[in-house]
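Work through the exercises below with the sequence and the structure open. Try each task before reading its solution.

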Amino acid sequence: MLTGKGMTEINKTIISGGVIITLLIIVAIIAPLISPSEPLAQNLSASLSSPGGSAFFGTDSLGRDIFSRVVYGSRISLTVGITVLTLTLFLGTFLGMLAGYFGGVLDSVLMRVSDVFMSFPPLVLAMIVMAFIGPGIANLVGVLVIIRWPQFARLVRGQVISVKGMAYVDAARIAGTHPLKIVLKHILPNCFAPVITYGTMSVGAIIIDETALSFLGLGIQPPAPSWGVMLADAKNYIAAAPWLVIFPGLAMIVTVLGFNLLGDGLGYLLNPKQRERIEVTHGNIKG
Amino acid sequence: MEILRVNNLKTYFKTTHGTVKAVDGVSFSLNRGETLGIVGESGVGKSVTAHTVMGLARNIGAGIVDGEVWYEGKDLFADHGLYGQVRGAKIALIPQEAGTALNPVMTVGDQLGEVLSVHLALSGSEKQQRIVQLLGLVELPNPSQTARLYPFQLSGGALQRVLLAIALSCGPEIIIADEPASSLDTTIQAQILGTIRDIKGKSELSMILIAHDLGVISQNCDRLLVMYGGRVMESGLTSEILRQPLHPYTIELLEIYRCLDEGDLGCDFNKGYLPSSYEDVPGCAFAGRCRQARDRCRTERPAPLIINDNRTVSCHFLSA
Amino acid sequence: MFKYVVRRLLILIPILLGVALISSLMFYIVPGDIVRVMLGQHVDPYTYANVRTALGLDIPFGENFLGFMRNICRGDLGFSYIQQRSVNQVILEALPVTIKLTVVSLLVTIIVGIPVGILAAVKDRRAIGQAVNYGAMIGFSMPSFLLALFLQLFFGVWLGWFPIAGSGRGLISYVLPGLAIGLPLAAFYARVARASMLEVLTQEYILFATARGLPFNRVIINHGLRNALIPVITQIGMDFGMFMTGAVLTETIFNLPGMGRLIFSSINARDFPVLRGALLFSALIVVIVNLLVDLSYIRLDPRIASAIVREGSDADR
């Protein structure tokens, strides 16, 4: 099945993304084993030392080992990312399905509500809520779910509406199948592909959001080794100790890239029409 | 007088399930002023042949393209760059689906004008005049107004006429018409073909007409090429073939056409199948469906048997 | 046509109302006494009473909200008690900075992103097309604030070519921040443009354009681009909000006093009137830009124009 010119491209993407994420998860799990020091352990005499020796990535202003902190930070990012995704997925899918299937007032209300959510500048809503209810990982996860669910709901709703209009759903309904069964058996499977793709790519965005909020002091609080917290600290020493910015930054880029690659590859894989397009398009371009 | 010669054309598509040999060794020639009809049921490779002759095989996704296309003393396949001057200007294509063939966000007149600018270097009022003239030539009412319309604002029949106008715009020698107007209703199709015949009658235009309708064939084509499974089964003068078809496929095809024409629902045909495009067919392409198929037919590909000046047939059975 | 514009405006009004509503609710749901939160625990009773009345906290929410809406129609977005000046003034101060930054970012995105995306589509089979595609992916895996830090480090500190903070040195101060916002978005739009172009290139009319002998370049530009850019432009229009106020982090890093930083600092300072005014203002801008994009869409795609005309005449019956 997985053969052909277009497929090798897709495979490369999925595999590279998958490899990155797997490595990341492994690093997060074995963090204690590979860290030379405790992430919170201060050593003021060695503060702001450049990379070298036992501190591969250098140390920060309080002498904490950057490498250990980056490694432990991956735990935070992954946990937040996957938790928020799972919750958003369920909430968004559920609401989107309701709105799409039953339509009418329910649908209109959902659309207006999500419109309002989406017309706030990105992250601003999160910032405001975090400012009110206080920082902390639980609050953060909740807030991130609140700002993301409308997108999932809209996606699912769109899918449900287009599937609902198809002949085989009408047939099932006429045959008297219970609505719940129709939803589960016919509609839900069709939502998988775009939801999985969008979901995977969202994890990257969620991690970026967490980092951004922590960077602003509105998310994870110091001394926890969130990459955002590390970057906030790094900002002040950017000239003197660039390694404070570079390593957490690279970690973030690689993580987000991994999820984006995986999501991108999945997007093409799960959409057979896209694959064919690749073949035909190549013909039209003489280049 | 021969103006186009096609030798052993091959167009293969590589897919995830195998290689599709859409055109597998097709040869024919076109004489000045004649209409050559290419007939056969859906999927036998007629359209791909047309596109391949136009040098567009790769553009529709073909992996392997081979053969020779001789025009004006040169093999266009040997030097693909020649197609730049030939396409649209000397050999023009009328595509099958009028609705999707034109750019939806440009007016019909602009798209016609484009070809005039590029091939004939016309501009300004001269170009405008020619546009109106061409649209009138293909019998479109209100040509100057029509030129300002967008494709979605025109009916199928009108669009087909526009495509005809574009094809004729630069005074080509050859027109390849891929089932023109076949998706429209028969009256309109007949009208459009009539227009084409009129125009053709007044010039030395040569045409390759792809069709699947008996009426269209008998009225428009001087010679016929009968295709099946990407290969030519029979070729010759239309009158002769219709009067006395020789290849089993031609016989069956004509029976089907006559049967459908007469509206006889009790047509009885050998329920065969088009060989799956992905199979490699060592023998005759029609072997799977032929009533007279023998072992030899399945293993050995029949060579074209030349019966007389105009007639060839590819069948083992006849040479016996 | 006019009816269409009116109808679109009508849909947008509930959205603005929603934003106004939520931002007004803030005043009521803040834990603790809002006046003390804004002005500090030890505010004198006189000021306390005045501010409380001025904010309308003693009258029912509905009345208060209506009053606010009436003020808005008069163009008055409120008064900041912390800064002791009108919200309008505060916003007007921040606006020019934001406008300059938005323009620079937009330019970066459009000039870098779209050609790159189109190139990637046209050369999709070649190595360069693939390289660009993946490069773009790396590009938008990098959030703007991170890029801001890297740019600050590389061009500001190490190379010293550009200022790393403040809007003082004129337009050149906007280069790094503009790049920080513009480049990741350029990467994103490069992919959008690429996808759109690839989609267009599979269309029948592209094949026929080649079939009638039009040169390759002409086919790509007049027929390919013309159709492919429509969804890209629409997308940019819809994301305009992101250009304008998503700059919070970048403005903070580069110390530019624009709307983004204004929103952030008003959250930190608990300056609710300013926050509410700024939110409403940015929502308004986004809404207007969306409308303009919709209208331009009509000009770009004749099919939409006729659909609207038909809709309009239907609605008359």
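The exercises below concern a predicted model.

**Exercise 1. Overall build of chain B**

Solution. 
- Step 1. Look at the extent of the C-alpha trace, which spans about 65 × 45 × 40 Å along the principal axes of chain B.
- Step 2. Check how far apart in sequence the contacting residues lie. Among contacts in chain B between residues at least 6 apart, 61% join residues at least 24 apart.

**Exercise 2. The two sheets of chain B**

Task: Give the strand order of the eight-stranded sheet of chain B and of the four-stranded one, and name the edge strands.

Solution. 
- Step 1. The eight-stranded sheet is open, has mixed pairing and runs S6-S7-S8-S3-S9-S10-S12-S11 in chain B.
- Step 2. Its edges are strand S6 (91-94) and strand S11 (305-306) of chain B, each of which pairs on one side only.
- Step 3. Helix H7 (residues 156-168) of chain B packs on this sheet and touches S6 and S7 of chain B; the direction of H7 makes about 170 degrees with that of S6(B).
- Step 4. Within the sheet, strand S7 (residues 174-178) and strand S8 (residues 206-211) of chain B are parallel and share five bridges. B:Ile176 has B:Ile208 in S8(B) as its bridge partner.
- Step 5. The four-stranded sheet is also open; its order is S2-S1-S4-S5 (chain B) and its pairing is antiparallel.
- Step 6. Here the edges are strand S2 (18-31) and strand S5 (74-75) of chain B. S5(B) is joined to strand S4 (residues 64-71) of chain B by two bridges, and B:Trp70 has B:Asp75 in S5(B) as its bridge partner.

**Exercise 3. The surroundings of strand S9**

Task: Determine whether strand S9 (residues 223-228) of chain B is enclosed or open to the outside, and identify its pairing partners.

Solution. 
- Step 1. Six of the six residues of S9(B) are buried, so the strand is largely enclosed by the rest of the structure.
- Step 2. Sort these residues by face. B:Arg223, B:Leu225 and B:Met227 lie on one side, and B:Leu224, B:Val226 and B:Tyr228 on the other.
- Step 3. Take the parallel partner: strand S3 (residues 35-39) of chain B pairs with S9(B) over four bridges, and B:Gly37 stands opposite B:Leu224.
- Step 4. Take the antiparallel partner: strand S10 (residues 231-237) of chain B pairs with S9(B) over six bridges, and B:Arg223 has B:Leu237 as its bridge partner.
- Step 5. Inspect the connection. S9(B) and S10(B) form a hairpin with two residues between them, and B:Gly229 in the turn has a positive phi of about 55 degrees.

**Exercise 4. A helix pair and an interface of chain A**

Task: Describe how helix H3 (residues 66-102) and helix H10 (residues 243-269) of chain A pack, then find what H10(A) gives to the side that touches chain C.

Solution. 
- Step 1. The axes of H3(A) and H10(A) are 10 Å apart, at an angle of about 35 degrees, and the crossing is right-handed.
- Step 2. List the residues that meet: H3(A) uses A:Ile66, A:Val70, A:Gly73, A:Ser74 and A:Ser77, while H10(A) uses A:Trp243, A:Leu244, A:Phe247, A:Pro248, A:Ala251 and A:Thr255.
- Step 3. Class them: seven are nonpolar, four are polar and none is charged.
- Step 4. Turn to the interface, where 40 residues of chain A are in contact with 44 residues of chain C. H10(A) gives nine residues, the largest share of the chain A side.
- Step 5. By class, that side has 26 nonpolar, eight polar and six charged residues.

Key
Residues numbered from 1 in each chain as written. Chains lettered and ligands numbered in written order. Predicted model: local features only at pLDDT ≥ 70, side-chain atom pairs only at ≥ 80, totals over all residues. Axes fitted to C-alpha atoms, helices over the stretch in contact; angles between N-to-C directions. Left-handed = near helix turned anticlockwise from the far one by under 90°. Contact = placed C-beta atoms within 7 Å. Nonpolar A, V, L, I, M, F, W, Y, C, P; charged D, E, K, R; others polar. Pairing = 2+ DSSP bridges. Buried ≥ 20, exposed ≤ 12 C-beta atoms within 10 Å, placed from the backbone.
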